Amino acid sequence: MSYELRVKSHDSTKKPQALQLTPYASRLRAGTPSSSENKHSGVQARLTSHPLRMIAWELTRSCNLACIHCRASAEYGPYEGELSTHEVFRVMDEIASFSKPVIIMTGGEPLLRSDIFDLASYGTAKGFRMVMATNGTLFNEEIIQKMKTSGIQRISISIDGPTAETHDAFRKVEGSFESSLRGIEMAKKGGIEFQINTTITQVNLHLVPDILRLAVDLGAVALHIFLLVPTGRGKELRDQEISAQDYEKTLHWFYDQIDKVPLQLKATCAPHYYRILRQRAKKEGKKVTPKTHGLDAMTRGCLGGISFCFISHVGQVQPCGYLELNGGNVREKHFREIWEESNVFKNLRNTDGYQGKCGRCEFRKVCGGCRARAYELSGEYMAEEPYCVYEPL
């Protein structure tokens, strides 16, 4: 695959701004390992540091769309057993007792939850950086104002095609593209920064340069690409996953765009990118530092259970939304106990516990492979990443 990308010109002297996730981001470094018994492998493990940096919180599973790649197979609902307002407040109190992470309010469509702005205000008061993942189709002036008042600092809006035809086919709702663009314009007018999220399959792989161009033209602060993980309705798209070779080519292309566009670029569910970044930087004679590569120099590929987790609509704490392994439920245990003591999370923090070529790879501490993709395809979450062409030295 070869891309030739032309984007609207911009001030080449202005470096893309790094995504400001949290006041603690500047301190994010590879941590000092600690010894612990690894119940997954049965050997003494050296666990990576695991400060909690970010939580994706599925505050509702209800959604007004029916996207073909949805990990939750979300529908309009209602769904029984969702955490109540006071339960969410209590869990926020527990989180705030030891960490101040970014909290991504997600769903489903979080705006379908009637108390969403009460939750956002409470999180803001607790010192969290509150952001929202939304499809943008339900915006109006009142909602934008409530976002600002409740302290929501950024929204992400999913765009999976550069035109109404391509996006609406992905989202399964006619008019969703135009509704999302209207939402973006409202956010811009209201002074709320936004990023574009794009899920990549064989269907829209060739459109990614056009989506990037659209993100630049719209004034997005970031474009995050998500490489499909076949869970939920996404299982039906397994035959539309891009090949391992196309993963590699796409991520090399993505690296090439870093200095060409005035926005932040991030590859998600594509941990191989952090190997590629270091391979390319070495070839170019560059040292990977925060000054040269921003937050990409301070983070790693798969963050599930290491600095990131997911809380489901019924309170189950998982490594991520795509890896449905139960670390514990906030209705039964204190959140901190789950984060620090879950055997699932402890296993994920042991980079020496990876199997197959991931276990032999010299980049395992900066990549980690997609644990959800490994689990979905092999039934073993510590198995090797199935969509990586790299052979360890």
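**Close-up views: rings, charges and cysteines**

**View 1. Arginine 349 has its charged end over the ring of tryptophan 339.** The distance to the ring centre is 4.6 Å. The model shown here is predicted.

**View 2. Arginine 371 lies over the face of tyrosine 354.** Here the arginine is 4.6 Å from the centre of the tyrosine ring.

**View 3. Phenylalanine 89 and tyrosine 122 stack.** A search of the whole structure gives eight aromatic pairs. In one of them, phenylalanine 89 and tyrosine 122 are stacked, with 4.1 Å from centre to centre and 20° between the planes. This pair links distant parts of the chain. Phenylalanine 89 belongs to helix 1 (residues 85-96), and tyrosine 122 to helix 2 (residues 116-125). The two residues are 33 residues apart. Phenylalanine 89 counts as buried because its relative accessibility is 17%, under the 20% cut-off. Tyrosine 122, at a relative accessible area of 24%, is partly exposed.

**View 4. Four aromatic residues form one cluster.** The members are Trp253, Phe254, Tyr273 and Tyr274.

View 5. The structure as a whole holds zero disulfides. Cysteine 358 is buried, at 10% relative accessibility. A disulfide needs the two sulfur atoms within 2.5 Å. Cysteine 361 has a relative accessible area of 11%, so this residue counts as buried.

Technical notes. Residues are numbered from 1 along each chain as its sequence is written. This is a predicted model: local features need pLDDT of at least 70, side-chain atom pairs count only at pLDDT 80 or more; totals for chains, interfaces and linings use all residues. Side-chain values use heavy atoms; hydrogens and water are left out. Rings of Phe, Tyr and Trp (its six-membered ring) pair if their centres lie within 6.5 Å; planes under 30 degrees apart count as stacked, over 60 as edge-to-face and the rest as tilted. Helices (H or I, at least four residues) and strands (E, at least two) are DSSP runs, numbered from the N terminus. Buried means under 20% relative accessible area, exposed over 50%, partly exposed in between (1.4 Å probe, protein chains only). A charge sits over a ring if NZ of Lys or CZ of Arg is within 6 Å of the ring centre and within 35 degrees of the ring normal.
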